[in-house]
Amino acid sequence: MATDSNRFQAIISHCKEYGFIFPSSEIYDGLSAVYDYGQWGTELKRNIRDHWWRSMTQFHENIVGIDAAIFMHPTTWKASGHVDNFSDPMIDNKDSKKRYRVDHLLEAHADELEKQGDAAGAKAVIARMDELLAASDYDGLKKLIETLDIKCAISGTNNWTDVRQFNLMFSTQLGSVSEEANEIYLRPETAQGIFVNFLNVQKTGRMKIPFGIAQVGKAFRNEIVARQFIFRMREFEQMEMQFFIRPGTQKEWYEFWKEERMKWHRSLGIPAEKFKFHDHVKLAHYADAACDIEYEFPIGFKEVEGIHSRTDFDLRNHQEYSKKKMTYHDPELNQSYIPYVIETSIGLDRTVMMLLSEAYTEEDLSTADKKDSRSVLKFPAALAPIKLAVLPLTKKDGLPEIGKDIMNTCKGYFKCFYEEKDTIGKRYRRMDAIGTPFCVTVDHQTKDDGTVTIRYRDSMEQERIAISEIKNAVESKLKLTY
Ligand code: ATP
């Protein structure tokens with residue numbers, strides 16, 4: 001697992017310097033594992049969200065989208081199993097009082113072994129950990145940590161508590177009285193908003209199985225070990241789709257969605273070798289098969305998306321707790337049943353981080369007589385925060401007016417940006433740094449022949465095109481095929 005923490009740190013700094021992502025409430029020194037998206041990060045995130053939304057609800061005729069509330073009836077989380085099961089095994093170091101997720105501690109140890117050239121040792125640690133987690137053997141996990149002599153990074157000791165489970169849901173009060181009856185949770189996943197609306201959508205949309213319901217929205221988890229930038233946040237956004245199917249067909253649909261989702265990831269212009277499937281050994285309480293799609297971040301291969309075969313677990317439990325029927329009448333079989341579900345669940349913030357990791361490039365442009373370099377974000381043009389920058393060479397001679405006309409022609413079709421300050425070279429570099437794929441420069445020749453220079457971000461090549469061609473030239477590059 002090759003990691004590159006320098007590159008990772010460089011991306012974090014770049015995000016802050018160029019208006020992509022800021023620590024939340026930074027003037028008060030930030031809030032751990034909570035982040036705010038700045039002007040360009042927000043555009044990037046919105047473009048990814050729109051691409052996902054279109055891929056689900058437009059490309060698949062049998063998928064519709066909803067937008068459920070973050071607050072849900074507290075019994076939802078009893079029925080879903082989150083009250084009893086949504087917890088991670090943790091261990092505390094008695095000297096530093098620092099709390100660790102057990103799997104993270106063991107994975108970090110395996111990474112260390114691998115770095116030292118002991119790949120077999122690393123594999124053995126992960127295999128043993130998976131076994132113990134699958135058996136919920138907490139004594140065994142503690143013993144494994146002690147046997148490997150894993151030490152706390154802060155105290156340097158191996159003085160550990162027992163392994164315990166901690167629930168990850170945030171709770172708050174609904175209404176003014178803080179009684180237990182009013183206690184509700186901030187949703188830890190968006191999926192349950194889909195399950196409780198299953199029949200509303202099926203009936204009002206006259207949906208026939210197989211069909212899917214998609215949703216994008218905020219989710220909240222009190223992550224104990226909250227680090228790694230926007231990879232692990234306490235407030236984050238998920239893009240989830242629940243696909244309702246006939247019982248017994250889950251294996252084929254699970255395989256279908258695995259392939260379909262991998263195809264989507266590749267549609268982002270990321271090479272196939274940067275992805276891999278990771279099949280789960282320990283299945284969540286609701287699943288009969290599950291895997292992650294992992295991307296090779298600078299901090300190693302990590303989960304971006306989970307694909308889960310959830311059986312009829314959720315609908316059956318909601319039926320039991322709500323006493324409302326969750327069955328579907330299948331007209332072809334002339335039978336009623338509780339549908340099975342395949343879920344695809346992707347983190348929007350992790351997808352932002354994946355695109356930033358893939359796009360971030362430092363290029364040495366030095367020549368024999370001059371040192372030079374640039375930082376570029378090589379996003380697919382369709383996802384870039386700004387598509388076109390319009391840059392008059394000077395602030396006079398009527399060039400700004402021509403630039404403004406180009407803005408007015410194009411800004412109704414895609415996001416444009418106008419700038420007349422600083423040298424053209426500096427302006428190009430700023431556009432490279434936020435990933436703008438096309439810049440057009442209005443110069444004196446423009447006045448004579450109605451052409452501008454168009455500059456391409458990745459190759460830095462320039463050519464002259466007519467003003468009347470700009471809109472189509474840019475627009476033709478904004479399609480993401482999926
Ligand atoms: P992990 O093992 O990394 O904690 P998970 O398996 O608990 O993740 P799921 O419950 O399957 O994650 O959630 C689906 C997706 O939501 C994940 O693949 C990830 O992209 C995203 N996600 C989950 N937790 C977080 C978080 N704390 N911050 C950002 N994204 C998250």
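Two strands count as paired here if DSSP finds at least two bridges between them. Strands themselves are DSSP runs (E, at least two residues), as helices are (H or I, at least four), and both are numbered from the N terminus. With that in hand, let us walk through the structure. This is a predicted model, in which local features need pLDDT of at least 70 and side-chain atom pairs count only at pLDDT 80 or more, while totals for chains, interfaces and linings use all residues. Residues are numbered from 1 along each chain as its sequence is written, and side-chain values use heavy atoms, with hydrogens and water left out.

Let us begin with the sheet. It is open and mixed in its pairing, with five strands in the order β20-β19-β21-β22-β23. At its edges stand β20 (416–418) and β23 (462–466), each with a single partner strand, so one side of each has no neighbour in the sheet. From one strand to the next, the twist averages 25°. Further in, β21 (residues 438–442) and β22 (residues 451–456) run antiparallel and are joined by four bridges. One of the residues to look for is F438, whose bridge partner in β22 is Y456. Helix α13 (residues 399–410) packs on this sheet, touching β19 (388–392), β20, β21 and β22, and its direction makes about 165° with that of β20. Touching, or contact, means heavy atoms within 4.5 Å.

Now turn to the helices around α5 (residues 102–115). The axes of α5 and α6 (residues 119–134) come within 8 Å and cross at roughly 165°; axes are lines fitted to C-alpha atoms, for helices over the stretch in contact, and angles run from 0 to 180 degrees between N-to-C directions. That makes the two helices α5 and α6 roughly antiparallel, a label for angles over 145 degrees, whereas those under 35 count as roughly parallel. Among the α5 residues in this contact are L106, A110 and L113, and the α6 side includes V125, I126 and L133. By class, the α5 contact with α6 has eight nonpolar, two polar and three charged residues.

Helix α5 also packs with α7 (residues 138–147), at an angle of about 30° and with the axes 11 Å apart. The pair α5 and α7 is therefore roughly parallel. Here V102, L105 and L106 of α5 meet L141, L144 and I145 of α7. This contact of α5 with α7 has six nonpolar, no polar and no charged residues.

Methods:
Angles under 35 degrees count as roughly parallel, over 145 as roughly antiparallel, 65 to 115 as roughly perpendicular and the rest as oblique. Ala, Val, Leu, Ile, Met, Phe, Trp, Tyr, Cys and Pro count as nonpolar, Asp, Glu, Lys and Arg as charged, and the others, Gly among them, as polar.
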